[in-house]
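Hello,

Here is the structure we talked about. Please open it first, then read the notes below.

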2 protein chains.
Amino acid sequence: MVAKSQLKFIKSLHQKKYRNQHGLFLAEGVKFVGDLLKAGCDPRHLYSTEEMAGFPGAHPISESELNRVSTLVQPNKVLGVFPIPSQTPPQFSDWLLALDGVSDPGNLGTIIRLCDWFGIRHILCSPDTVDCYNPKVLMATMGSISRVQVHYAPLEEVLSQSGMPLFGASMEGEPLKEFVFPEEGIIVMGSESHGISSGVRNQLQRLLSIPSQAAHGAESLNVGTATAIVLYELRRGTP
Amino acid sequence: MVAKSQLKFIKSLHQKKYRNQHGLFLAEGVKFVGDLLKAGCDPRHLYSTEEMAGFPGAHPISESELNRVSTLVQPNKVLGVFPIPSQTPPQFSDWLLALDGVSDPGNLGTIIRLCDWFGIRHILCSPDTVDCYNPKVLMATMGSISRVQVHYAPLEEVLSQSGMPLFGASMEGEPLKEFVFPEEGIIVMGSESHGISSGVRNQLQRLLSIPSQAAHGAESLNVGTATAIVLYELRRGTP
């Protein structure tokens with residue numbers, strides 16, 4: 001049995017406003033919570049249903065209580081409230097990814113997972129990019145949020161102060177495969193609807209594109225799949 | 001004003017069972033319906049709200065009626081009921097993509113859009129792959145469904161009868177970039193949870209992988225982003 005006030009508190013963390021106010025976020029599911037614990041994250045609260053009664057350190061929560069506070073259609077046995085890690089400055093070495101206004105939670109989650117796969121440790125996000133502790137983002141990261149650092153800051157400023165070579169993905173760019181990537185740099189992906197904002201665009205040295213292979217095909221690629229291809233090419237090296 | 005029985009009929013098309021029974025699917029949104037009309041699809045029924053009163057050939061539907069039959073959280077002005085195109089046999093030339101049990105509608109939609117971008121005209125789907133006329137699939141295709149043919153058939157049989165070179169994506173494969181793609185073939189992507197089924201796997205000449213660049217990073221890539229990278233490399237050619 002969990003107190004009503006506590007259920008209300010947990011539910012408030014569905015919203016960015018309360019996540020920021022309390023400095024806490026919600027993690028759900030045996031796998032994801034387990035990943036966070038393994039990564040050394042220290043939960044403020046931890047709950048598990050009877051089915052997962054042995055989950056280390058967890059207090060009991062009933063199925064119906066879990067249903068009330070879960071963000072999932074099918075709640076998954078374990079729920080944790082974790083502190084949002086304190087922001088450390090990004091490290092400007094190797095490659096970083098910057099996101100300029102990516103608004104879809106699924107896209108951001110997919111991109112965090114991709115960065116984890118391709119060894120990109122830092123993502124710089126414009127303030128209007130969706131919150132990385134949004135429950136839908138967290139679900140799509142599949143645990144990668146514990147291994148990739150996501151920084152929110154005014155992008156124009158951070159990019160200009162980074163001292164790194166700056167590139168961006170754009171339909172008007174030169175074909176990705178013809179570009180020789182330097183040792184380090186920052187690559188910017190734009191928003192789903194507007195691409196890269198003009199202030200950021202003006203700072204970029206080169207624009208890179210993923211050419212379509214169909215005369216009358218899709219008008220664009222989704223930002224998640226475009227990022228997949230850009231990071232793949234960035235790490236590909238020449239054969 | 002739309003008759004109640006008609007609203008009920010439209011709503012029934014949310015379900016695969018009724019889509020197949022009537023041979024019809026639901027398309028929503030000004031852009032998507034417009035794309036289908038442009039592609040020469042002939043709607044069985046077409047509705048638009050007052051705001052889109054001039055939409056060619058559309059009957060009026062009120063906002064509240066549209067809300068009742070829409071699959072969208074925010075219904076979008078125009079709704080059409082279209083015949084599911086009759087299946088023609090796939091053309092075994094150039095490259096085809098095969099999907100073995102992809103179950104997430106967003107993933108299938110993303111993959112159809114990718115095929116449209118990379119000029120892949122035919123997708124072969126195992127019968128347990130999610131229905132391509134599922135409304136969530138259609139939304140994610142962004143109109144590409146009108147340009148890519150999706151065929152459902154027992155995969156083992158179709159692949160063995162295709163006479164084409166067969167490849168698959170798998171974590172255990174050789175690195176994608178080291179592989180020289182032949183002129184034509186079929187590449188198989190497995191399901192989100194189980195990968196490629198053993199019967200299909202046994203027919204494949206080679207397995208290809210997208211190597212991770214992080215020692216302790218993400219455990220896998222999403223099938224949508226993996227397909228993006230595979231199709232990109234397939235069409236990339238050597239520099």
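Buried area is the accessible area (1.4 Å probe) that two parts lose on being put together, summed over both. Keep in mind that this is a predicted model.

Start with the interface. Chain B and chain A bury about 3,300 Å² between them. Carbon and sulfur atoms carry 60% of that. On the chain B side, B:Trp117, B:Tyr232 and B:Arg236 lose the most area to chain A. Together they make up 25% of what that side buries. Each chain gives residues to the contact: 37 from chain B and 37 from chain A.

Now the polar side. Four salt bridges cross the interface of chain B and chain A. One of them joins the side chains of B:Lys31 and A:Glu219, at 3.3 Å from N to O. There are also 22 residue pairs in polar contact across the interface.

Which elements of chain B give two or more residues to the side that touches chain A? They are α5 (105–117) and α9 (223–236). The largest share, eight residues, comes from α9(B). By type, the residues on this side of chain B are 14 nonpolar, 13 polar and 10 charged.

Next, the sheet in chain B. It is open, has four strands in the order β1-β4-β2-β3, and its pairing is mixed. β1 (24–28) and β3 (59–60) of chain B each have a single partner strand, so one side of each lacks a neighbour in the sheet. Strands β2 (45–48) and β3 of chain B pair in the parallel sense over two bridges. There, B:Tyr47 has B:His59 of β3(B) as its bridge partner.

Best wishes

Definitions and conventions:
Residues are numbered from 1 along each chain as its sequence is written. Chains are lettered from A and ligands numbered from 1 in the order in which they are written. This is a predicted model: local features need pLDDT of at least 70, side-chain atom pairs count only at pLDDT 80 or more; totals for chains, interfaces and linings use all residues. Side-chain values use heavy atoms; hydrogens and water are left out. Contact means heavy atoms within 4.5 Å. A polar contact is a pair of N or O atoms within 3.5 Å; within protein, one must be able to donate a hydrogen and the other to accept it, and residues adjacent in sequence count only if both atoms are side-chain atoms. Ala, Val, Leu, Ile, Met, Phe, Trp, Tyr, Cys and Pro count as nonpolar, Asp, Glu, Lys and Arg as charged, and the others, Gly among them, as polar. Two strands pair if DSSP finds at least two bridges between them.
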